[in-house]
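Subject: Handing over the model

Hello,

Here is the structure I promised to pass on to you. Have a look at it first, and then read on for what turned up in it.

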Protein chains: 2
Amino acid sequence: MSNIDLVLEEVDEKLDLSVRKLLELISIPSISSEVSGKAGIDQAAAWLERELLEIGFSTTVVQTQGHPVVLARSTERPRSDSLRLLFYGHYDVQPVAPLDEWGHDPFAPKVIEEDGVHRFYGRGASDSKSQLWSFIQALRAWKSVNGSFPAEIVIMLEGEEETGSPNLPEFLERYRHELQCDVAFICDSDMWSPTQPAITTQLKGLVHEKVTIHAPNADLHSGHYGAVCANPIRILSSILAAIHDEQGRVTFDGFYDAVMDIPESQRTQWRSITDAADIADGVSFEGGLVEQGYSPIEAMWGRPTVDINGIGGGNQGPGERSVLPGSATARLTFRLVADQDPEMIRDRFRAFVRSRVPPGCRVEFEGSGGSAAVRLSESNPFLKAAARGLEAEWQSPTVLKGTGGAIPLVGQLSDGLGVDCVVIGFILSSDAIHAPNEHYDVERLQRGTRSWVRILQEVLNERAAVQ
Amino acid sequence: MSNIDLVLEEVDEKLDLSVRKLLELISIPSISSEVSGKAGIDQAAAWLERELLEIGFSTTVVQTQGHPVVLARSTERPRSDSLRLLFYGHYDVQPVAPLDEWGHDPFAPKVIEEDGVHRFYGRGASDSKSQLWSFIQALRAWKSVNGSFPAEIVIMLEGEEETGSPNLPEFLERYRHELQCDVAFICDSDMWSPTQPAITTQLKGLVHEKVTIHAPNADLHSGHYGAVCANPIRILSSILAAIHDEQGRVTFDGFYDAVMDIPESQRTQWRSITDAADIADGVSFEGGLVEQGYSPIEAMWGRPTVDINGIGGGNQGPGERSVLPGSATARLTFRLVADQDPEMIRDRFRAFVRSRVPPGCRVEFEGSGGSAAVRLSESNPFLKAAARGLEAEWQSPTVLKGTGGAIPLVGQLSDGLGVDCVVIGFILSSDAIHAPNEHYDVERLQRGTRSWVRILQEVLNERAAVQ
């Protein structure tokens with residue numbers, strides 16, 4: 001039996017224990033965007049630190065202005081020619097609301113069999129606790145069989161990914177030296193399909209904006225004043241309705257200024273790997289406002305978009321209430337493509353809103369996030385090695401894909417620290433991430449962990465071939 | 001000292017006790033629109049029954065499909081020629097949200113002095129517990145001085161006014177005989193100003209609608225699917241934005257079909273009693289969308305309107321969440337003028353919404369309320385008597401006014417039972433009804449109670465003059 005087969009066997013043999021521990025981690029409510037999530041964040045960071053120590057890493061929980069980063073390093077003395085690999089994951093999770101739409105307690109996961117799949121439901125089950133756990137378990141198995149890690153290893157586990165990583169730039173600057181590496185594996189992305197692996201080579205930028213329209217008055221009786229006083233919900237609705245034209249194009253000045261149209265070569269490549277049915281995966285596009293002139297996949301991966309994520313104002317029930325509210329709030333995200341400047345887009349949007357606020361009313365903005373889009377080289381040798389590793393495990397070609405999602409870290413690592421990033425993950429769109437009933441399964445945890453073992457082997461092979 | 005002076009003196013002497021009891025009533029959280037308000041509703045009904053019994057009424061708490069009606073009758077054997085007077089009030093209150101905007105506990109009122117006024121804050125303080133308490137205390141004082149009530153009295157206290165009186169029609173039909181009277185005093189309306197009394201002779205109709213747009217999918221990750229899938233918030237915003245044109249006119253088909261324009265005589269009368277500053281009372285009209293061609297008061301009293309009372313969907317914080325929500329909901333009210341049919345308006349609105357829902361999406365409606373507008377005769381002798389009573393107390397002419405508000409009962413009593421209604425109240429627009437920090441004051445409770453004593457006297461005088 002070759003060395004790699006022994007490591008894969010170790011992964012399989014310890015699967016039950018791996019699942020048990022993962023469920024422990026998922027049961028910790030590490031919601032980064034809620035004040036009440038702070039205890040869960042700290043508990044999850046401490047739990048991960050303990051596990052990484054046990055495997056043989058030297059660990060630190062690095063405090064930031066927000067939530068901590070768990071940083072782990074292999075302690076073996078590196079050979080002068082040794083590889084240095086960085087693994088990134090995040091242990092924070094999305095909020096769980098609306099709780100009444102969950103069929104399972106989001107923080108009490110257990111394995112249940114559904115249609116032959118051993119599934120577990122929980123917030124963070126897929127995004128992203130199973131992702132980080134997969135590479136940690138692969139490294140554990142490797143060391144257990146070989147007595148040492150395959151290379152110098154740095155693990156970085158973030159606690160603020162779901163809130164736009166506000167303190168990441170400062171952390172990266174502070175730990176600039178420790179984070180230098182030959183390649184960084186960013187483990188927070190999708191497979192192509194349940195049977196086909198993928199590496200994500202294009203990521204969008206991300207800007208969050210919260211907009212509140214204040215009327216000149218506090219809440220009023222709508223029967224008395226509805227006919228004459230400003231209604232912030234009506235004003236906000238008009239603004240939101242004006243963001244897109246009937247062709248699905250964003251109307252505000254400057255939004256497309258820096259945008260290069262999708263190159264024909266890119267269009268051809270995307271057409272070769274997919275059609276709309278592939279990316280839909282059970283999701284209906286009916287009633288969607290796709291930008292005219294673009295296929296769904298081109299719109300998702302290659303065109304900038306504005307989405308309304310939430311709205312609230314006045315009476316939300318349960319009963320009726322004749323109120324003319326004093327304010328109304330919407331939350332939006334801007335998903336950017338290469339060359340769009342996040343702060344410029346934010347400014348232009350704010351100018352657009354301000355120009356539509358009637359006299360006497362007031363608009364309040366609150367912004368967060370602000371990352372630019374990233375395009376990663378597809379010719380990087382470590383990316384090719386990773387693709388081979390994935391193919392070996394899944395017996396299916398690795399798709400090099402784009403995404404509508406954003407991982408602010410990738411731009412900051414590649415642009416700021418000059419580190420090559422390879423973005424890999426085993427999430428499926430059917431996992432209900434960011435939604436009620438998020439789930440993952442034992443089979444994918446196993447094959448994800450095995451994938452990392454094979455990727456490590458291919459990375460070593462690649463290095464050996466070069467030297 | 002004349003008889004009426006003795007009754008007024010009795011009101012003044014017992015004011016402290018009257019206030020103490022009223023604060024007890026306000027402290028009961030009788031919120032009709034919330035399931036958790038049921039205990040408060042029952043407690044308030046029982047409290048009122050006890051008080052009315054003590055004053056010498058025969059009382060019943062009439063159960064309905066919803067909340068009970070407290071019904072009280074004078075027990076003295078009526079003379080064959082005796083007057084029969086109905087008094088109406090409601091003991092249910094609006095919800096208190098947003099609670100954090102209250103400077104006072106909404107259900108723990110106490111009297112505090114502010115700028116020489118003895119004010120008390122609480123939900124229902126003005127709308128409408130002080131209103132019903134004023135006539136109850138006037139009747140109490142009258143009986144205490146004279147040994148009997150001034151006429152045959154029926155008191156009807158409703159527990160569902162704030163939810164559109166869904167069970168009122170059935171109640172009125174069932175108690176048709178008991179509710180017959182010479183005149184009904186409906187005590188749930190405004191003064192003209194802090195120093196000038198008013199009787200409301202025009203009331204608008206009211207229709208409530210709740211609209212939910214469902215996308216074909218449940219919540220999705222907005223980064224992945226925002227560019228291609230239906231966004232219910234965007235769809236709902238577009239629909240809400242399309243309800244009014246730039247002239248402030250309602251755009252949907254049929255809305256103005258039955259509407260007679262405001263007669264020139266009416267316009268002249270309204271102009272003679274008011275300008276915008278009078279009705280504004282500290283409320284700013286800036287940024288409001290007043291229907292073009294109409295003054296603020298004409299729009300409020302004489303033109304039908306559509307108001308958005310609430311909206312909700314997707315992430316409402318506190319943190320950011322990249323969600324493309326599965327649904328979004330808005331609540332609207334339609335305020336109707338004479339000859340508009342509530343159910344026809346509801347149907348037309350629904351047709352308008354349906355025509356704007358994209359394929360694959362679904363709209364769900366939930367409607368309540370449904371009362372037509374009412375115009376009461378200004379030549380009714382009891383109305384004239386009431387106006388004289390108010391003038392005697394306030395030393396200022398009584399304004400005969402319209403309102404943007406609706407009291408479904410009025411139409412049902414006048415049209416259904418053929419009873420003449422006189423709509424009187426002592427609410428001020430500065431009382432913050434339906435809003436945080438609702439309040440009332442001891443001085444108005446006193447003068448309101450005294451007003452009722454004087455109205456009773458004038459009603460008796462009127463009857464004596466006729467006979």
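Predicted model: local features only at pLDDT ≥ 70, side-chain atom pairs only at ≥ 80, totals over all residues.

You will find Asp339(B) in the loop between E13 and helix H12 (342-354) of chain B. Its backbone deserves a glance too: phi is positive, about 80°, although Asp339(B) is not a glycine.

Now the overall picture, beginning with chain A. This chain has 14 helices and 18 strands. Its radius of gyration is 24 Å, close to the 23 Å that the globule rule gives for 467 residues, so chain A is as compact as a globular protein of that length. Taken along the principal axes, the C-alpha atoms of chain A fill a box of roughly 80 × 50 × 45 Å. Of its 467 residues, 55% count as buried. If you take the contacts in chain A between residues at least 6 apart in sequence, 79% of them join residues at least 24 apart.

Chain A is divided into two parts: domain 1 covers 3-203 + 373-466, and domain 2 covers 205-259 + 304-371. The C-alpha centres of these domains of chain A lie 35 Å apart. Their contact takes eight residues from domain 1 of chain A and 11 residues from domain 2 of chain A. On the domain 1 side, the touching residues divide into four nonpolar, three polar and one charged.

Next, how the two chains go together. The same surface serves both copies, as 100% of the contact residues of chain B recur in chain A.

The contact between the chains takes 78 residues from chain B and 78 residues from chain A. On the chain B side, the elements that each supply at least two residues include helix H8 (232-241), helix H11 (296-302), strand E11 (305-314) and strand E13 (327-336). The largest share of that side, nine residues, comes from E11(B). By class, the side of chain B that touches chain A has 33 nonpolar, 34 polar and 11 charged residues.

Five bridges join strand E11 (residues 305-314) of chain A to E11(B), and the two run antiparallel. If you want one pair to look for, Gly313(A) has Ile311(B) as its bridge partner in E11(B).

A few details of the backbone are worth a visit. Most residues other than glycine have a negative phi, and most peptide bonds are trans. Against that background, a cis peptide bond joins Asp127(A) and Ser128(A), with omega about 15°. Ser128(A) lies in helix H4 (residues 125-146) of chain A. In chain B, a cis peptide bond joins Asp127(B) and Ser128(B), again with omega about 15°, and Ser128(B) is found in helix H4 (residues 125-146) of chain B.

Ala432(A) is another place to check, as its phi is near 60°, a positive value in a residue other than glycine. Ala432(A) sits in the loop between strand E17 (421-424) and strand E18 (439-441) of chain A. With 21 C-beta neighbours inside 10 Å, Ala432(A) counts as buried.

Last, back to helix H12 of chain B, where Val353(B) has its place. Val353(B) is buried, with 23 other C-beta atoms within 10 Å. Leaving aside residues up to four places away in sequence, Val353(B) touches Val211(B), Ile239(B) and Val363(B). Val353(B) and Val363(B) are 10 residues apart in sequence, and their C-alpha atoms are 8.0 Å apart in space.

Conventions: Residues numbered from 1 in each chain as written. Chains lettered and ligands numbered in written order. Contact = placed C-beta atoms within 7 Å. Domains from an automatic or database assignment. Nonpolar A, V, L, I, M, F, W, Y, C, P; charged D, E, K, R; others polar. Helix = DSSP H or I, 4+ residues; strand = E, 2+ residues; numbered from the N terminus. Pairing = 2+ DSSP bridges. Rg over C-alpha atoms; globule rule 2.2 N^0.38 Å. Buried ≥ 20, exposed ≤ 12 C-beta atoms within 10 Å, placed from the backbone.
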